[in-house]
Amino acid sequence: MGMQTEQFSSVLELALPTEVDAGGAEAMSNREAEQRLAEERYGLEIFQRAILEGDQQAWALLQDRFSDLVRAWIRRHPKREIAIRLDSEENYIAQAFERFWQATAFKQDLQFTSLAAALSYLRASLNGAIMDTLRTYARPREASLSTPGYEGVSVSEDGDDGGELWEILKSLLPQRREQYLAYLLFHCGLKPREVVRYCSQEFHSVQEVYRLRRNIVERLLRQADQLRWRLSVH
Amino acid sequence: MLAFGEEGLAPEVVRHLHACMICQRRLMQFQSLSHHLLAQLYRSQCPDGQRLSFYCAGLLSGEEQRQIAAHVQECPLCAEEVAVTRRFMADPLTPTTLAPSFLRLATTPTGRQAWHGLPDGRPSAAWPRYYHSEEFELVLHISSSSAGRCAVYGQLSCVNAPLGGAAFEGRQAVLQPLKTVRKKPAERAAADTALLRLTAEIDNRGMLTFPTVPPGRYMLLLHLRERDLVIEELQIDGCRVIWS
Ligand SMILES: [Zn+2]
Ligand SMILES: [Zn+2]
């Protein structure tokens, strides 16, 4: 008899992610609270076994159980419409789990203190997959290395070391204000009009941005060698 | 001239440009250098989308959180992404949100009716086993099958609707072998093929049958329409007892 009672406690119900709880703040009975606690414990255990102990069944179970939830998240993402045009839901789901695994597996200092904490890693991983996909497509045409209009020649071959180039550029622009404008123009790819919109306290008019930009570019042209650039047209 | 690269140059500027070689060359230099800088520098200081997401969720180390916070102050593109991400992460959707119609009954098991319709075999002391949750009741039984294997039978019923077995018809029951192995995903894929996962379909009386189950530790999963029932650990090794 005692043994059987023990068995009962090992049966847990794992609710499927349902659509948002429309009622929201309605009072929960004690039993529902207990139920939630049991689900919480079970869900958390799956995460712990899968991620911290590398239990393969638990990992399979985790993907099986939570991919519907991840799908529901995608459908509620603020950028879902663009995201879905760029890649499939299935790919985002697969990427979310892969990134989640990369970020968490076998991390000694990692602890999931609650199911919500574990899920926030998963949700952040999904968001990372979506945002990185959007970034790829948001890169302005002018910032691409392969447009036909790009005639500048990178003197150094390690072209992707933007950090170093940025440091050089900063050293050529002593004024903080010029540095920041150069940052907004060349690092963020903003147009002068957008600069004024973003930083109206700092830059008051488009004319002012044009003027500052000319000063910056002229100054930089005098130091072009340092910027790994030379004009290749004649 | 100041507005190079923008949509509208004033007509007199355009006229002058056509005539003046010096200005043409200067404009070309301006454009080329701008393009070079943009191509090399564009978002080179930004954390990638993953780190920025983790930053928004507060999952990075204190030092990293501070670095990225400083960057977000300066970078309008990351600031925009942070705003989107915060909105997304604040969404309350979690798996613990239950269907509002869910009913929970007393935890004390009731209705332990005798096991009906067991095909053959004498039960050992440990069997049948009763599993119970608020809404569901599951009785599991085993008998010997071929070559040291067991047949596992289950009857699932709904506490609220004792004759409602038809509601489970066609739902899947899964017996997953349990074995804790420390492996990376690449190694998992290979290991998964060796894994014997057994499935069965629940019939219209709520019955499920796994005809030949090798002894071992399993997890039993019942994929019902609205939720899953899980028995985390199920030791199948009682068959020998029957014959001793
Ligand atoms: Zn001229
Ligand atoms: Zn940024």
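**Exercises on helix contacts and a zinc site**

In this predicted model, Ser120(A), Arg123(A), Ala124(A), Leu126(A), Asn127(A), Met131(A) and Arg135(A) of helix 6 of chain A meet Cys78(B), Glu81(B), Val84(B), Thr85(B), Phe88(B) and Met89(B) of helix 5 of chain B, where contact means heavy atoms within 4.5 Å and helices are DSSP runs (H or I, at least four residues) numbered from the N terminus. Residues are numbered from 1 along each chain as its sequence is written, and side-chain values use heavy atoms, without hydrogens and water.

**Exercise 1.** Determine how helix 6 of chain A and helix 5 of chain B are oriented to each other.

*Solution.* The axes, which are lines fitted to C-alpha atoms over the stretch in contact, with angles from 0 to 180 degrees between N-to-C directions, come within 11 Å and cross at roughly 140 degrees. The two helices are therefore oblique to each other, since angles under 35 degrees count as roughly parallel, over 145 as roughly antiparallel, 65 to 115 as roughly perpendicular and the rest as oblique.

**Exercise 2.** Describe the site of the zinc ion (ligand 2) and its place in the chain.

*Solution.* The zinc ion (ligand 2) is coordinated at 2.0 to 2.3 Å by Cys46(B) (SG), His71(B) (NE2), Cys75(B) (SG) and Cys78(B) (SG), donors being N, O and S atoms within 2.8 Å of the metal (3.2 Å for Na, K and Ca). The angles among the four donor atoms are 101 to 116 degrees, and the site is tetrahedral (all angles between 85 and 135 degrees). Cys46(B) lies in the loop between helix 2 (21-41) and helix 3 (49-56) of chain B and His71(B) in helix 4 (residues 62-74) of chain B, so the pair ties together parts that are 25 residues apart in sequence.

Definitions and conventions
Chains are lettered from A and ligands numbered from 1 in the order in which they are written. This is a predicted model: local features need pLDDT of at least 70, side-chain atom pairs count only at pLDDT 80 or more; totals for chains, interfaces and linings use all residues. Four donors count as tetrahedral if all angles lie between 85 and 135 degrees; four count as square planar and six as octahedral if opposite donors are over 155 degrees apart and all others between 65 and 115; anything else is irregular.
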